[in-house]
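The following note sets out numbered points for a colleague who is examining the structure. Each point may be read beside the displayed coordinates.

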Amino acid sequence: MSPRDAIAVPDDDFRLLVGTLPEPLQAAVRELPPGEVLEVVMDLGRSPEARLTGRVVRLSESAVTRKDLEHVLAQVGTVSEDNRAGIERTLHRVSAIRNRQGKVVGLTLRVGRAIYGTIDMLKDLIGTGLNILLLGRPGVGKTTKLREVARVLADDLGKRVMVVDTSNEIGGDGDIPHPGIGGARRMQVSRPDRQHDVMIEAVENHMPEAIIVDEIGTSAEASAARTIAERGVQLVATAHGNTLENLVLNPTLSDLVGGVHTVTLSDEEARRRHTQKTINERRAPPTFDVVVEMVSRDEVLVHRDTAQSVDRLLAGENVGGERRQLVGGQVEVKEEPQAVAPLPARPGRPTEPPSREGVAAPRREPGLRQGTARVYAHATSRDLLERVLRDLGADARVVGRLENADVIITLRSRANDPKLRKVSEKSGARVLAIKRNSSSEMRRVLRDAFLLAEGMDEDLVREAVLEAEHAIQRVLSESVVVPLAPRPPRLRKLQHRLVSRYHLETVSHGSEPQRHLVIYPLGALVDLPRDREVEGAEGAEGLA
């Protein structure tokens, strides 16, 4: 049996855990295969259970009594403020559930294992000296891997390693650490809220080359992690969150991967990036150079460049990464794809700048003015959206699922939500951003999106839109100046909004009732009339 397959929970260790149980339960647990037992659960007034890999076994038909709970508590160490205790020189953990009066009404006895060879998938990263963050759901094996990282750094690579052990999960209970961490030293934490202080103390007092920390969960701990990284000490830690996206969206811990802030771009920069003017960007260099998402005990997704991955995520793109799997004792590495479809066109900002050559006819936005459009309210009021659509008379209905929408209306502050961007990229849905969750804001963007001119005959509106679309096609493909037919102010404003989506210049010429729009190609010399300022005021009045 290779070290990879050897579970380092000696029979003596397992017997110590079993020995804390009441006598009737000990016999039942001994009959179970030790290597499959994950935890034993004892809740007051319920039958005790053993949770194994893939199944649950009832240990007794008799309900757990207070005497049973007190028996277990008498065999283990002192229960700390975080309601955890241990068995000296083992990795087992006993967690308590208390009622409102502070009395213990439930216990979870979790089997701790030091499994050697579990970081074979990450061994090439450990020796680089880079800061590494492990993410994953509870029970996926983050602490087990962290313990093995400490041993490899100390024993195999000969580094000075300090483990900051808040709940004694890494080095076990008692003053003498478990052999699973090898030659690494261990600093215990008196209270969970002092973890950040002990992290800094470890650097200042003991000159480590590497620090191991389990469960970074507060802003103070995130700040301490950045301080450690800036002092040149290698940091390997775990954090709450299943994926990199979870971490980025967590305001408390996002600083671990650089943090996120909102910036406003100039019109020119927004056109160059093909984005909205207000976007989310990474605020600073990430604390951790590498982020590892633990999919399962034998599968991980590695982001080798955290900064690049976060930037791609905030841009709404796939972050990619290396998917590593342990198959038959061998590590298989597969690159995740990074290429994604271009972002859908947004109001006033096409996905790609128009070209002078080989441009096809401008297509209509999905669902807009061609059949019933499906609209989804993201972070906005659905009832308010339904009322505005009804008042506008738009051919649209509100849907309850983001994936089914042709049009998504959201708050400007939520427009760059990664999930929203991914869905819009996949489905081609158009995203409309509003500043406030109000009927006036919704009315404004929906009127523009659906090309509505309130109070105008529907046939006249359709005629004006078709004329503008054909003119846009000519300007883009032939680079010629195209005048439109005279229209009332409301319809001219409607045509202007449609043309502006393709970044073409429009100017009104003439006097009423012969006043009309003229569309110019990009870069063309525009003939500005003397009354252009009057026309702008007129357009604004026409839509009031």
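**Notes on the predicted model**

1. Val-482 stands opposite Ile-519 in strand S26. The model is a predicted one, and the remarks below should be read accordingly. Strand S24 and strand S26 (residues 516-520) are joined by 2 bridges and run antiparallel.

2. These strands belong to an open sheet of 3 strands, in the order S24-S26-S25, with antiparallel pairing. The edges are formed by S24 (482-483) and S25 (505-509), each of which pairs on one side only. Two helices pack on this sheet. H14 touches S24 and S26, and its direction makes about 25° with that of S26. H15 touches S25 and S26, and its direction makes about 10° with that of S26.

3. How do the axes of H14 and H15 cross? The axes of H14 (residues 458-478) and H15 (residues 489-500) come within 10 Å and cross at roughly 35°. The crossing is right-handed. On the H14 side, the contact residues are Leu-460, Val-461, Ala-464, Val-465, Glu-467, Ala-468, Glu-469 and Ile-472. On the H15 side, Leu-491, Leu-494, Gln-495, Leu-498 and Val-499 take part. By class, this contact comprises 10 nonpolar, 1 polar and 2 charged residues.

4. As background, most residues other than glycine have a negative phi, and most peptide bonds are trans. Ser-479, in the loop between H14 and S24, has a positive phi near 55°. Ser-479 counts as partly exposed because its relative accessibility is 30%, a value between the limits of 20% and 50%. Glu-512 and Pro-513 are joined by a cis peptide bond, with omega about 0°. Pro-513 lies in the loop between S25 and S26.

5. A further positive phi, of about 60°, is found at Glu-215, which is not a glycine. This residue is placed in strand S12 (residues 210-216). Glu-215 has a relative accessibility of 30% and therefore counts as partly exposed.

6. Strand S16 (residues 290-296) is mostly covered, with 5 of its 7 residues buried. S16 pairs with strand S9 (residues 132-135) in the parallel sense over 4 bridges, and Leu-134 stands opposite Val-292. S16 is also joined by 5 bridges to strand S17 (residues 299-303), and these two run antiparallel. In that pairing, Val-291 stands opposite His-303. A hairpin through 2 residues joins S16 to S17.

7. Is Glu-322 buried or exposed? Glu-322, in strand S18 (residues 321-327), has a relative accessible area of 11% and is therefore buried, since the limit for that class is under 20%. Leaving aside residues up to four places away in sequence, Glu-322 touches Val-300, Leu-301, Val-302, Arg-304, Val-333, Lys-334 and Glu-335. The side chains of Glu-322 and Arg-324 are joined by a polar contact of 2.8 Å. The C-alpha atoms of Glu-322 and Val-292 are separated by 9.4 Å, the two residues being 30 residues apart along the chain.

Definitions and conventions. Residues numbered from 1 in each chain as written. Predicted model: local features only at pLDDT ≥ 70, side-chain atom pairs only at ≥ 80, totals over all residues. Heavy atoms only, no water. Axes fitted to C-alpha atoms, helices over the stretch in contact; angles between N-to-C directions. Left-handed = near helix turned anticlockwise from the far one by under 90°. Contact = heavy atoms within 4.5 Å. Nonpolar A, V, L, I, M, F, W, Y, C, P; charged D, E, K, R; others polar. Pairing = 2+ DSSP bridges. Buried < 20%, exposed > 50% of the residue type's maximum accessible area, 1.4 Å probe, protein only. Polar contact = N/O pair within 3.5 Å; in protein donor to acceptor, adjacent residues only side chain to side chain.
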